[in-house]
Amino acid sequence: MLKMQNISKVYQTDSVQTHALRDFSLEVKEGEFIAVTGPSGSGKTTFLNMAGILEPFTSGHYSLDGIDVGGLSDNQRADLRNQKIGFIFQGFNLIPDLSLFENVEVPLRYRGVPAKERKKRIEECLEQVGLASRAKHLPQQLSGGQQQRVAIARALAGKPRFLLADEPTGNLDTLMARQVMELLEEINRNGATIVMVTHDPELARRAPRNIQVVDGQLADFTLYQGVPEASQPVVDTRIKAEV
Amino acid sequence: MLLHYIDLSWRSIRNTPVISFLMVFAIAIGIGITMTSLSVYHMMSMDPIPHKSDKIHYVQLQIMDEGNEWNTDDNLPRQLTYQDAVNLYNADIDVLSSPSFRTGFSVHLNTPDVKPRMEQARLVNKEFFDIFERPFIFGGAWTKDDQDNKPYVVVISKSVNERLFNGENSIGKEIFLDNKSYRVVGVTEDWEHHVKYYDVNNGAFNPAEALYIPFAIAPLEEIGTWGNMNGWKLEQMRGYQDLIISEKVWTQFWVQLNTPKQKEEYGRFLMAYMEDQKSRGRFQREELIYSLRNVNEWLAYNEVISEDNRILVALSFMFLMVCVANILGLLLAKFLKRAPEVGIRRALGASKQQIFLQHIVEVSVIGFSGGLLGIAIAQLGLWGVRETNSYYNALATMDVSMLLAAPAIALLASFVAGLYPAWLVCKTQPAIYLKSQ
């Protein structure tokens, strides 16, 4: 599904170079649910931006669903995001002026889905997250947990095969976080591949596969089985112990 | 998708009513000022008789002896002498032509019921009505026989007919011009031209005359001109007979020449006429010169649209540009504030073009609204022009083309203002804003 090989991302400001990712390699198979952990500033969000094709990488090779991302134009990247990827953000990132229905509609409009089909799909997605009755409400009329469910409905609307979640429960209380996590697990069971960045060890434990990003490099607990130890990245033992 | 963008624009305008109103008002003021000056300019410069302006020609002759100067670029007098006008009209050449000059009379019915009123009149020959396609409500132009033998006939305008005869068919009735009785042979529609192109010598934007009588009346009643009269040499004037054989220029002469060949032939005729006059002691100069200018060439020659008019239009467009610059600043502030939302849209699959189009549509909605409000302001401006100077009554108005041009110019102006802000916001990198939302 996702294959990153030696991806590097360097931010250049004046004469200072910041290496956000260094030789980052990762393969995610279809239907996997991966939790990405790591300390603040380790490069988790940069990895997510790369995976979500939200910004270009400096070097390396990245293919998503067999498509070489590196060679795509800006518009092709936008199209690929729209077709293949669903995003769930910590801050929900709903458009405040649009109703729940219209928020979920956004990716479908850019995809050019006919109105009738859009309506059907939006109603299904809002139903799935339990907010069908509030379709005409504005985001600010909902609680944080409800807003995140709308964001999930929006991510699901385009039937993406790949879901990227950046701290999806970061702004939610425990109960709501659990509900959102259950929803993500259900989505994963239905076939979607999910990569979730989280600081929450409990949530990370619920994901079948955990990886850790440290100093822009990957530490994977499962992927490197069979790979000579010398070639394996350093593993954060604190997280490993919890797993 | 366009309707969706219009919907988003409307929501955005509603969400930011103050800044949106400022932008609409700025463009409306700019359009209002621009359209006021542009409408007047447009009316001044439009072809007054587009389907035959290239066929109707104004005749000028170089009547001055060698060594004399006239105050025109080509040194040609703007009008003709009475004798030349009569000679050219009476010449044996198969064209529609007419001499003309402006005068005026006290018009009445010689009864106590209708008060006398001063009206402007024009002395012309019957061909004048054909050349300038004057439509008749009743009757028509006088006949050749009337013109030659019974010239006390008159064509009156609809307004005069309303005043004197309550708009009824007045053909055959008598009216008095000063103390002389004339028989009404025709009633024309009022001539509501923007430019008095057939006589720019006496105020290019003055209203049309209300009466027309045969040119042959002039010597009979010794009718003087209400227009300009100029001369180039000292002449003794003891009476009207001296005037009509003098070298004073005070008549206009129009001829309809339908083809280039006909124009060429008429040119040869004019040259032959001048040679003949030279042999009779006039036009004492080496090179004989004539000019045949069509309507638009004649208007340009007389600089009917002055440089001042052009400068005024240019200044009003500069003012519009100032408004555009202000709108640009407001749009920049508004659009850049929306960058986080654009980041979300870009992350969800919007292309740069889609984001650009969304914002250009919003700018266009603002521009179109400003254009409509600008038309109202322009109408107010034109009303002000009409109220302050009746000379511009026919000009200070917006025709359909200007009504359509106003929103088009507003759209263009807003597009210019919105281009940079829309381009800037469409370049938004989604990753920058998603985390900070």
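1. The model is predicted: local features need pLDDT of at least 70, side-chain atom pairs count only at pLDDT 80 or more, and totals for chains, interfaces and linings use all residues. Residues are numbered from 1 along each chain as its sequence is written, while chains are lettered from A and ligands numbered from 1 in the order in which they are written.

2. Helix H6 of chain A covers residues 174-189. Helices (H or I, at least four residues) and strands (E, at least two) are DSSP runs, numbered from the N terminus. At 1.5 Å a residue, times one less than the number of residues, its 16 residues should span 22 Å, and the end C-alpha atoms are 22 Å apart, which agrees.

3. Which residues of H6(A) are buried (20 or more other C-beta atoms within 10 Å of its own, C-beta atoms being placed from the backbone)? They are A:Ala177, A:Val180, A:Met181, A:Leu183, A:Leu184 and A:Ile187. Their arc, taken from the directions from the helix axis to the C-beta atoms, is only 155 degrees, which puts them on the same side of H6(A).

4. On the other side of H6(A), A:Thr174, A:Leu175, A:Glu182, A:Glu186 and A:Arg189 are exposed (12 or fewer such atoms). Just after the helix, A:Gly191 has a positive phi of about 120 degrees.

5. Between the chains, 20 residues of chain B are in contact with 21 residues of chain A (C-beta atoms, placed from the backbone, within 7 Å). On the chain B side, H12(B) gives the largest share, 5 residues.

Conventions: Two residues are in contact if their C-beta atoms, placed from the backbone, lie within 7 Å.
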